[in-house]
Amino acid sequence: MKKYRTLFVQFLKEYFAYRIRVILSILTQMVTPIAMIFVFSGIGSTGQIGLSQSQIVSYFLLTSLLYLFLNSNIDDFLKQLIQEGTIVNYLTKPLSLIKVALIRDLSWRIGKLVTGLPIIILLIVIYPPTSQPLNSNNPLLIITTVIIGYSLAFLISFSLGVITFWLEEVWGLQNLKYVLFLFLGGVALPYQMFPPLWQKILYCSPFPYLISWPLRIGLSGNILKEFITALLWLFIFLWLTKIVYRLGIKKYSAMGVS
Amino acid sequence: MLKNKFRKYLSIYIIQFRAYLTHEAGYRLSMFLSIVGSFVFVLYNLLVFSFFVNKFMFPGWDKQDIWVLLGTFMMVFYSYFYFFYKGIIKTIRNVHDGKFDYFLLKPADTQLLATILGGGIHNFLAVVFGIVLTIWSMLQLNHVVPIMHILLGSVLTAISAIDLYSLLLVLASLSFRYGNVEDVTNFIFSFQIFSRYPIETYHRLPVFLWLVVIPFSALTSIPAMAFTKVPLPLVPIGIYVLASLFLIAYARYFFYKSIQYYTSGN
């Protein structure tokens, strides 16, 4: 455990090493939700989707915060390790790469949250929300959805990163992941804007349970079904990640590694 | 003489593009996935737009006007991606790594050589898609768009792509003085989201935000106005053209002024 704790501190220090870069990266991630606040403010009445202007502002502010913590970029880390060959540093040490990736992901997500929170607070001061957009006020439910969303995002990103063992460039797949998280994860638009058939189909996919789920628990009409679906996807991606990782490690070759 | 110069730079561009294609074709699956990844963005823009347009109205713009705006957005931004994006990013990295000498030592215009690299079949296809979408949406308008408006709109679209390039060239030029500015460039570029919606959408914003958001929205709204509005709003278009000419000239001046701060890695 001590070695992973040391790694956690090291990764956190690495994250804060280039502070301007960190702030710019956070701001870049927040542009989409903030832009949507501006757009919705400009189009006037939003009653057609069952949300008031104030609820929409609150929705996007909270989504920005959730996006910072629940979006995983571990695929970038793995891609870099594999392409540069520095993955050997972890494979030849008594460390589990999956645990290292988990620690690294957690440290960066905490870093992003710490950096992004003051910006979100500033936005709340500029755009004070007068109503809350949460579909459920149960803190236990909200925490559980955050944990499931966090884990699911990690597993999907990890599986994607490991694909670099086979492909020279995974930029296209990373783009696909980015758009799916942004669009189907409810970051770009609230789910209330999706046609009813879309919503029905989407609730069977893993995407609703990634980013904005804590804000719309029970919106599908059946909380139990949502949790069962989310957990099912969690186990599917857990199994998939293990298989892809094992196959990738078998395929990998480097100087001095057999 | 102008004809010879044009031929010279066209052949340089073709050589660079061929080299890029040869490299990409070596990894066909990666190339295919890049095309898919890029088209996912096109699909994303289409879907977000269609969901919006089905629920809301934008002040001063009909449904079909909005689709013309989306087509214009694709033409402007994917033209930028196709012709300029790679060059801008590589310039920043080359300057940071001290490898910019290669461009300074060549008997060709440094700005054109370094920043107009071209590439991305997926971007070219997206431009074509944008053209098709714009034409299809214009055919659905309630009125016939005069030929002069179409020509003006096409010129304004090209100007918008060059404006975007000029803005990012100014940012890239900062790398000569301040090092790696890739993150700054990416941050400013993320403002492209404001270009997806009409300029009138942002009328309620505070002035300090308006000054940041409106130029990005104008990149697509002004050409789209030329394609859709009869009569033409001449004043905004005139101001936009003058501002664009100033930006394009300033970007070139700033780029060459900044080169004096460059230090080679050799």
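A pocket, as the word is used in these legends, is an open set of grid points with protein on both sides within 12 Å along at least five of seven lines, and a residue belongs to its lining when one of its atoms lies within 4 Å of a point. The structure shown in every view is a predicted model.

**View 1. The second largest pocket and its lining in chain B.** The second largest pocket holds about 520 Å³ of space, and 21 residues line it. Ile214(B), Pro215(B), Phe216(B), Ala218(B) and Tyr240(B) are the lining residues that lie nearest the centre of this pocket. Two or more lining residues come from each of the elements α7 (147-173), α10 (207-228) and α11 (234-259) of chain B, and α10(B) gives the most, with nine residues. Sorted by class, the lining of the second largest pocket consists of 19 nonpolar residues, one polar residue and one charged residue.

**View 2. A salt bridge between Asp183(B) and Arg21(A).** A search of the whole structure finds six salt bridges over all chains, and in one of them the side chains of Asp183(B) and Arg21(A) meet, with a distance of 2.7 Å from N to O. Because Asp183(B) lies in helix α9 (residues 182-189) of chain B and Arg21(A) in helix α2 (residues 19-42) of chain A, the pair joins two chains. Asp183(B) has a relative accessibility of 23% and therefore counts as partly exposed, and Arg21(A), at 42%, also counts as partly exposed.

**View 3. A salt bridge between Lys177(A) and Asp75(A) within chain A.** In the salt bridge that Lys177(A) forms with Asp75(A), the closest N and O atoms are 3.0 Å apart. Lys177(A) sits in helix α8 (residues 171-184) and Asp75(A) in helix α4 (residues 74-84) of chain A, so far as the sequence goes 102 residues apart, and the pair links distant parts of the chain. Both Lys177(A) and Asp75(A) are buried.

**View 4. A salt bridge between Glu182(B) and Arg93(B) within chain B.** The closest N and O atoms of the salt bridge between Glu182(B) and Arg93(B) are 2.7 Å apart. This pair, too, links distant parts of its chain, with Glu182(B) in helix α9 and Arg93(B) in helix α3 (residues 63-97) of chain B, 89 residues apart. Glu182(B) is buried, with a relative accessible area of 14%, whereas Arg93(B), at 42% relative accessibility, counts as partly exposed.

**View 5. A nonpolar patch on the surface of chain A.** Trp166(A), Trp239(A), Leu240(A), Ile243(A) and Leu247(A) form a nonpolar patch on the surface, and together they have about 490 Å² of accessible area. One of these residues, Leu247(A), is placed in helix α10 (residues 223-251) of chain A. Leu247(A) has a relative accessible area of 45% and is therefore partly exposed.

View 6. Gly37(B) lies in helix α2 (residues 28-55) of chain B and is buried, with a relative accessible area of 0%. Although Gly37(B) and His122(B) are 85 residues apart in sequence, their C-alpha atoms are 8.7 Å apart in space. Gly47(A) is found in the loop between α2 and α3 (53-70) of chain A, where at 54% relative accessibility Gly47(A) counts as exposed. The C-alpha atoms of Gly47(A) and Leu134(A), which are 87 residues apart along the chain, are separated by 17 Å.

Methods. Residues numbered from 1 in each chain as written. Chains lettered and ligands numbered in written order. Predicted model: local features only at pLDDT ≥ 70, side-chain atom pairs only at ≥ 80, totals over all residues. Heavy atoms only, no water. Patch = residues over 30% accessible without salt bridge, like charges linked within 9 Å, V, L, I, M, F, W, Y side chains within 5 Å. Areas by Shrake-Rupley, 256 points an atom, 1.4 Å probe, with all protein chains shown as cover. Salt bridge = Lys/Arg side-chain N within 4 Å of Asp/Glu carboxyl O. Helix = DSSP H or I, 4+ residues; strand = E, 2+ residues; numbered from the N terminus. Buried < 20%, exposed > 50% of the residue type's maximum accessible area, 1.4 Å probe, protein only. 1 Å grid on protein atoms, 1.4 Å probe; cavity = no way out; pocket = protein on both sides within 12 Å on 5 of 7 lines; lining within 4 Å. Points joined across faces, edges and corners; volume = space filled by probe spheres on them. Nonpolar A, V, L, I, M, F, W, Y, C, P; charged D, E, K, R; others polar.
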